[in-house]
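Please consult the sequence and the coordinates alongside the text.

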Amino acid sequence: MEEHTPENLSPAQRLGRAAALAALIVGGFFPFIWMLLTSLKTEGELQKFPVQYLPSKLDFSNYARVFSEQPFAQFFFNSLTVSLLSTVLCIAAAVPAAYALARLNLRGRGLLLTAVVAFSMFPVVSLLIPLFRLMRGANLLNTYPALILPYAALSLPIGILTLVAFFSAIPRDLEAAAMVDGTTRVGALTRVVLPLSAPGVVTAALLVFVNSWNEFLLALSFNTKLSMRTVSVGVTLYQGEFAFPWPLIAAAVVVATVPLVLLIAIFQKRFVSGLTAGGVKA
Amino acid sequence: MTTPNPTPARRPRREPSEALLATLLLLPAAALLLGVLLFPMLTTFRDSLYLNKLTEPWLQGFVGLKQYAQMLHDARFGQALRNTLLFGVLTVGGSFLVGIPMALAAHLPGRTRGLARVALLLPWAMPPVITGLIFAWLFNAQYGVFNDLLVRAGIIDEPLRWLSTPGLSVLAMVVTIIWKTSSFVALIVLGGLQGIPREMIEAAQVDGATPTQTFFRVVLPLLAPSLAVAFIFRTISAVQVFDIPYTFIQQAPAQGLLETLGVYIYRTGIEFLDFGYAAALSVALFALSLAVTAVYVRFVRDGANS
């Protein structure tokens, strides 16, 4: 990365810059850090006011309880399976559709794009009951497809819009050149356009994955068998009827969030540029 | 192979016509959208015209628009609508007030840039249900860290019962939603910032503009398209907000002030098993989302013409 830090900043400007960055970093991480600290405390240590900020000793027993009181490893596996497969299905449908919308001479292209957007405006909570009936009718309740199909479909509009923006940004001459060399239209797509829009595909895939990993309502209602629960529903299962065992809930929250933090840390650079390039033009 | 094909105008395979190819390429997406989403959507419209309450199974049948008329006399619907609009205005506005400075901070060059971007993305990627749980804990009346900080700072004397005091619970929820959604605004603004050529900013500085002047006269107008996009997506998601109010209500069950339209639809359908009325409420919420979009499209079109 190029460094543009000008050397002629006044001390006040330097201070302002440092304060802005510190506020952003603390603000973004604080709730997560607080859950981490809470998860290492005992119930007794929590019930103090003024609050005791640091645990007196690192107590990892809450993490053991997360996995022993609920089949959390199974929840994790379920979330991973469902999110990965919805991402694959969604991207497999979004790539050709976005290519057609961005590149081919389609009549009613604007109308089709509007229809795609309209699909994303229907509230998910409204689809809950009819989708439930559909899944029950198809005998899919308590199976992975009961979540994979709606997740892929619900993320399809944003996937298509992101990819349309990416495909539109690739010069048409490159494809034309490939086709003059004797490639078919599909060949131009797979050999020229797709490799060039790999960042866009990664961005769209991450969007779909995060959406699917985080979804709560359909997961809560369609897969009610304990062994079919996902992580976002799983973290809510530690609360009793009247009691909130906060250290335990905090540990579950940390376990559920760590993969997202890692994913973001790995892809942050590519993702920010990809998301903004795709999102803004769509 | 770099040697050109010596036999001209003969393609290796017959290419399908462009229209046929387009249809084939659109087919999987259309199958997924129509197969999974269209039928439930149409069912919702149909169900809204029928009485279908599992608790009173003898009362079934076509009632036309009666359930829409019912909404006009439903105080709970009125309250949920008002709550939704209030939360919408506060959280959309708040997410811009917080998100724009966040984007500016994340745009600053320096060694902490990667860390800043992770901090910016984290709230966006966090599952909403988990965000709700975390903030319910931060706002906990007895042991919550927000109370502790406010007491230590001398701003309050006694810990506040954030989630069970009507006005405070609204404030707590608004803060939570703003924390969660500012990232999205920041991401889109960051994209806009990255698209502004450095020369334009430098030119303004050469002309003697202060940083504040540069921001309001040069940067902000160039960001207008990004802000418009962020505004519409934020508004639609605000109108449909469900997960965070749902988690908060579990901690403060009796609070009508926290019930949004999304939560009311959920309760009508799932808890009261009144499928017909839930469908009518759903159509109303969809209409609200459409209205918001229509206003926005008009606004952007007028903006583009002027």
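**A buried serine and its surroundings**

Ser289(B) is buried, its relative accessible area being 0%. The model considered here is a predicted one. Ser289(B) belongs to helix 12 of chain B, which comprises residues 275-305. Leaving aside residues up to four places away in sequence, Ser289(B) touches Val239(B) and Gln240(B), and also Met121(A).

Another covered element of chain B is helix 10, residues 243-251, in which seven of the nine residues are buried. These buried residues are Asp243(B), Ile244(B), Pro245(B), Tyr246(B), Thr247(B), Phe248(B) and Ile249(B). Within chain B they pack against helix 5 (128-138), helix 7 (166-194) and helix 11 (261-271), and from chain A helix 11 (217-222) also packs against them.

The largest nonpolar core holds 177 residues, and the members that touch the most others are Phe72(A), Leu156(A) and Ile160(A). For Phe72(A), with residues up to four places away in sequence not counted, the contacts are Val66(A), Phe67(A), Val231(A), Gly234(A), Val235(A), Tyr238(A), Ala252(A), Val255(A) and Ala256(A).

How many residues of chain B are in contact with chain A? There are 98 of them, and they meet 93 residues of chain A. The size of an interface is often given as the accessible area lost when the parts come together. For chain B and chain A the buried area is about 8,400 Å², and carbon and sulfur atoms give 78% of that area.

Polar interactions also occur across this interface. Twelve residue pairs are found in polar contact between chain B and chain A, both residues of each pair being at pLDDT 80 or more. On the side of chain B that touches chain A, helix 1 of chain B (residues 18-47) supplies the largest share, 21 residues. That side of chain B divides into 66 nonpolar, 22 polar and ten charged residues.

The charged pairs complete the picture. Side chains of opposite charge can pair when their charged atoms come close. Over all chains the structure holds ten salt bridges, and across the interface of chain B and chain A one is found. It joins Arg133(A) to Asp47(B), with the closest N and O atoms 3.1 Å apart. This pair runs from helix 1 of chain B, where Asp47(B) lies, to helix 6 of chain A (residues 124-137), where Arg133(A) lies. Are the two partners buried or exposed? Asp47(B) counts as buried because its relative accessibility is 8%, under the 20% limit. Arg133(A), at 25% relative accessibility, counts as partly exposed.

Within chain B, the side chains of Glu56(B) and Lys53(B) meet in a salt bridge at 3.2 Å, N to O. Glu56(B) is partly exposed at 25% relative accessibility, and Lys53(B) is likewise partly exposed, with a relative accessible area of 26%.

A further salt bridge links Arg267(B) with Glu271(B), the closest N and O atoms being 3.7 Å apart. Because these residues stand four places apart in helix 11 of chain B, about one helical turn separates Arg267(B) from Glu271(B). An α-helix has 3.6 residues a turn, so residues three or four places apart point the same way. Arg267(B) counts as buried at 16% relative accessibility, whereas Glu271(B) counts as partly exposed at 45%. Both residues take part in a network of salt bridges that also includes Arg76(B) and Glu259(B).

Terms used:
Residues numbered from 1 in each chain as written. Chains lettered and ligands numbered in written order. Predicted model: local features only at pLDDT ≥ 70, side-chain atom pairs only at ≥ 80, totals over all residues. Heavy atoms only, no water. Core = buried A, V, L, I, M, F, W, Y, C linked by side-chain atoms within 4.5 Å. Buried < 20%, exposed > 50% of the residue type's maximum accessible area, 1.4 Å probe, protein only. Contact = heavy atoms within 4.5 Å. Buried area = accessible area lost by both parts, 1.4 Å probe. Salt bridge = Lys/Arg side-chain N within 4 Å of Asp/Glu carboxyl O. Polar contact = N/O pair within 3.5 Å; in protein donor to acceptor, adjacent residues only side chain to side chain. Helix = DSSP H or I, 4+ residues; strand = E, 2+ residues; numbered from the N terminus. Nonpolar A, V, L, I, M, F, W, Y, C, P; charged D, E, K, R; others polar.
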